[in-house]
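This report concerns aromatic rings and their partners. A pair of aromatic rings is described by the distance of the centres and the angle of the planes.

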Amino acid sequence: MLTTTKYVLVEVNTAVCKRLAELLRKSDIPRDEEGSALPGFPPHFIGNFFLALVAICHQTSPRHHPALEGVVNGTHLRGWDYLFARFESAARNDAALLEPPTWRELAAADIRNLFRDKEYGELLTDTEGRAALLRDLGQRMLAHAWKNADAIQEFCNGRVATGHPNLLDMLAEFRAYDDPVRKKSLFFLALMRNSHTWRYRDDDKLGPPVDYHEVRGHLRIGTIDVKSSELREKLRQGIEVASEEDFAIRQAVYDAIMLVSRDSGINNPSQLHYLFWNVFRSICTRQSPQCLKLSSNSTLPHRYLPLTVQQNDQRRCPFSPVCKSARIDDRFVEHVFQTDYY
Ligand code: SF4
């Protein structure tokens, strides 16, 4: 049975989680799925595509810096969507990009060239750090004599977290995937499942990947409470937090999602993560959350729009009936922490 862990710094608010679970129990939550399943890609390249892309997917909208955006095949995209489309386009032209020997040799200039946009320029930050993560990935894959990600899956016999070896433990050997809250690992494993590439023996162990969008939204809804006044002050003033504070916040969000997943009867934390993540990044933005009235140019994916229709045909945030911040002006934003974990 899942228990709600008490934290010195941050605590799961079980009452709010129960109200949210009740709300979601009555809703038709879309399945977790990816917009593109990489049509035409050789199956053994799909794992390498996601393994490399997730390794460098962090901080795509850093504070005090323009967010990552650009145009790919005539479509304006931002953040993860831009990373995905640009990498897919490059990999279709040069399949060597999906091979560990290439990753081992990548330099910052290669990353800049890969993700530079003709119109918006070079918006991807920390290209040196991202290149180092890919070099480490390539080196360790080759040290294991793994040509592709499927070899890791076979080595772990399809187990996410049970027994030895398992996927979460093996992925943590890569520098890009050694986050104690395992954001990138859980994201990668969800992508592999949702693209119908991998299946897991212990599917219920696939928890939610917690990033800054998830943190912002859960702080606002109130599924977690920041108990430390010092940490609350850091959040209010945008002061960088310590690594144990970052861990406490994200682990509490992780536990809150697991609790809501169980209590709502959905029993699929990854499905809930996709809902939360899409709503938080599209509607519950840092500066202009659309709590009670959605903007006419909302970027929420279409499959989630039915959840936003309320009385009188007015669209609003699906979480507004239970959210502690829906009717206040002074809302939390996510904590500041320099990291390549998310
Ligand atoms: S109601 Fe407002 S603050 Fe609450 S989750 Fe929705 S957009 Fe965010």
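The model is predicted: local features need pLDDT of at least 70, side-chain atom pairs count only at pLDDT 80 or more, and totals for chains, interfaces and linings use all residues. Residues are numbered from 1 along each chain as its sequence is written, and side-chain values use heavy atoms, with hydrogens and water left out.

The whole structure holds 16 aromatic pairs. Rings of Phe, Tyr and Trp (its six-membered ring) pair if their centres lie within 6.5 Å; planes under 30 degrees apart count as stacked, over 60 as edge-to-face and the rest as tilted. Two of the pairs are tabulated.

| Pair | Centre distance | Plane angle | Class |
|---|---|---|---|
| Trp-80 and Phe-187 | 4.9 Å | 65° | edge-to-face |
| Phe-188 and Trp-198 | 5.5 Å | 85° | edge-to-face |

Trp-80 in helix α3 (residues 79-93) and Phe-187 in helix α9 (residues 183-194) are 107 residues apart, so this pair links distant parts of the chain. Helices (H or I, at least four residues) are DSSP runs, numbered from the N terminus. Phe-188 is in helix α9 and Trp-198 in the loop between α9 and α10 (212-221), so their pair ties together parts 10 residues apart in sequence.

Buried means under 20% relative accessible area (1.4 Å probe, protein chains only). Trp-80 is buried at 7%, Phe-187 at 10%, Phe-188 at 0% and Trp-198 at 5%.

Trp-80 and Phe-187 also belong to one aromatic cluster, with Phe-41, Phe-49, Phe-50, Phe-84, Phe-87 and Phe-115.

The charged end of Arg-236 sits over the ring of Phe-332, 4.4 Å from its centre; the criterion is NZ of Lys or CZ of Arg within 6 Å of the ring centre and within 35 degrees of the ring normal.

How values were computed
Helices (H or I, at least four residues) and strands (E, at least two) are DSSP runs, numbered from the N terminus. Buried means under 20% relative accessible area, exposed over 50%, partly exposed in between (1.4 Å probe, protein chains only).
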